[in-house]
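Please find below a colleague's note on the structure shown here, written for someone who is meeting it for the first time. The points take up pockets, sheets and helices in turn.

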Amino acid sequence: MPDLADTTSAPAVPALPGLAEQAERLITLGVPALAGLPDGEVRAGASRFEEASGPDGPASCAGLLVVSPRLVPPSALAPLMRLPARGGEQAGFVVEDMTDVDDFAPVEEVQVPESALYVVTGPDRGDDLGNWSPDEALPELTRRGRTPLLTAEGIQWALQTPGVVADGHCFMTIGSRLRRADGRLDSRTPAVWISRGTGRDGRDRRGAPKVGWCWAGNRHTWLGFASTTGRRG
């Protein structure tokens with residue numbers, strides 16, 4: 001296994017706002033409407049999670065409020081991402097050679113609540129696993145008692161705190177994988193990072209947050225592995 005990356009120079013991961021504030025952010029962005037959920041249901045869900053956790057509970061202080069990927073897929077969420085750019089903002093997108101992004105499903109290590117809303121507790125960008133391959137990182141996350149984020153969860157994290165997608169410090173979402181007809185996993189592994197405006201991305205997308213993919217056996221120093229301590233529905 002590769003050595004753990006030195007994270008002393010990595011920009012701090014922005015703290016998540018409270019769940020009630022996250023609910024309002026989702027409503028402002030139109031995520032509940034995309035999912036067919038009333039705004040009131042999202043507000044009530046956030047309140048319920050906060051009350052269940054108490055003032056010092058993990059969901060209230062370090063949790064990410066998620067609208068289930070069963071209701072709103074990555075392709076619908078990605079264009080809602082934004083990063084600052086010269087003269088304004090750059091909108092997110094899915095790379096052109098990943099038209100099947102919504103077909104990537106949770107791996108067996110990930111148990112997704114059945115509820116329309118749930119909380120991802122203790123999300124971590126996984127900077128210390130930079131220069132690990134997805135094939136190497138998954139068993140390490142399991143050893144730590146964590147599970148990898150789904151692509152839709154990673155995007156929703158970026159919707160709440162855009163700074164989690166930082167230059168040189170982005171993340172993979174290897175909780176989502178595509179299984180082929182023969183039962184084997186597709187070698188592509190999803191990630192959220194920043195476009196350089198090259199190739200098919202186009203120069204006008206330079207600096208935009210993007211959903212792309214890397215090979216499961218490849219290492220990238222600038223990609224960590226986003227993970228969670230659990231999911232509460």
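**Notes on the pockets, sheets and helices**

1. The largest pocket holds about 350 Å³ of space. It is lined by 19 residues, and those closest to the pocket's centre are W193, R196, T198, D201 and K210. The model under discussion is a predicted one, and the points that follow should be read with that in mind.

2. As to where this lining comes from, the elements that give two or more residues to the largest pocket are β10, residues 188-194, and β11, residues 209-215. Of these, β11 supplies the largest share of the lining, namely three residues. Sorted by class, the lining of the largest pocket consists of seven charged, six polar and six nonpolar residues.

3. The second largest pocket has a volume of about 200 Å³, and its lining is made up of 13 residues, with P69, R70, F104, A105 and P106 lying nearest its centre. Two or more residues of that lining are given by β5, residues 105-106, and also by α7, residues 151-160. Which classes of residue make up the lining of the second largest pocket? Nine of the lining residues are nonpolar, while two are polar and two are charged.

4. The strands β10 and β11, named above for the largest pocket, belong to an open sheet of five strands, whose order is β4-β11-β10-β8-β12 and whose pairing is mixed. The edge strands of this sheet are β4, residues 93-94, and β12, residues 223-225, each of which pairs on one side only. Within the sheet, strand β8, residues 170-172, runs antiparallel to β10 and is joined to β10 by two bridges, and F171 stands opposite V192 in β10. Helix α6, residues 134-143, packs on this sheet, where α6 touches β8, β10, β11 and β12, and the direction of α6 makes about 35° with that of β12.

5. A further open sheet has three strands in the order β1-β6-β14, and here the pairing is antiparallel. Its edge strands are β1, residues 63-67, and β14, residues 230-232, and each of them pairs on one side only. With direction ignored, neighbouring strands of this sheet are turned by 30° against each other on average. Five bridges connect β1 with strand β6, residues 117-121, in the antiparallel sense, and G63 stands opposite T121 in β6.

6. Which helix lies across β1, β6 and β14, running at about 45° to β6? The helix in question is α3, residues 39-53. Helix α7 also packs on this sheet, touching β1, β6 and β14, and the direction of α7 makes about 115° with that of β1.

7. At their contact, Q22, R25, L26 and L29 in α1 meet Q156, L159 and Q160 in α7. The residues of this contact of α1 with α7 divide into three nonpolar, three polar and one charged.

8. Finally, a hairpin deserves a point of its own. Strand β2, residues 82-85, and strand β3, residues 88-91, run antiparallel and are joined by four bridges. The hairpin of β2 and β3 has two residues between the strands, and G87 takes a positive phi near 85°.

Key
Residues are numbered from 1 along each chain as its sequence is written. This is a predicted model: local features need pLDDT of at least 70, side-chain atom pairs count only at pLDDT 80 or more; totals for chains, interfaces and linings use all residues. Side-chain values use heavy atoms; hydrogens and water are left out. On a 1 Å grid over the protein atoms alone, a cavity is a set of points where a 1.4 Å probe fits but cannot get out, and a pocket is an open set with protein on both sides within 12 Å along at least five of seven lines; lining residues have an atom within 4 Å of a point. Grid points are joined across faces, edges and corners, and a volume is the space filled by probe spheres set on the points. Ala, Val, Leu, Ile, Met, Phe, Trp, Tyr, Cys and Pro count as nonpolar, Asp, Glu, Lys and Arg as charged, and the others, Gly among them, as polar. Two strands pair if DSSP finds at least two bridges between them. Contact means heavy atoms within 4.5 Å. Axes are lines fitted to C-alpha atoms, for helices over the stretch in contact, and angles run from 0 to 180 degrees between N-to-C directions.
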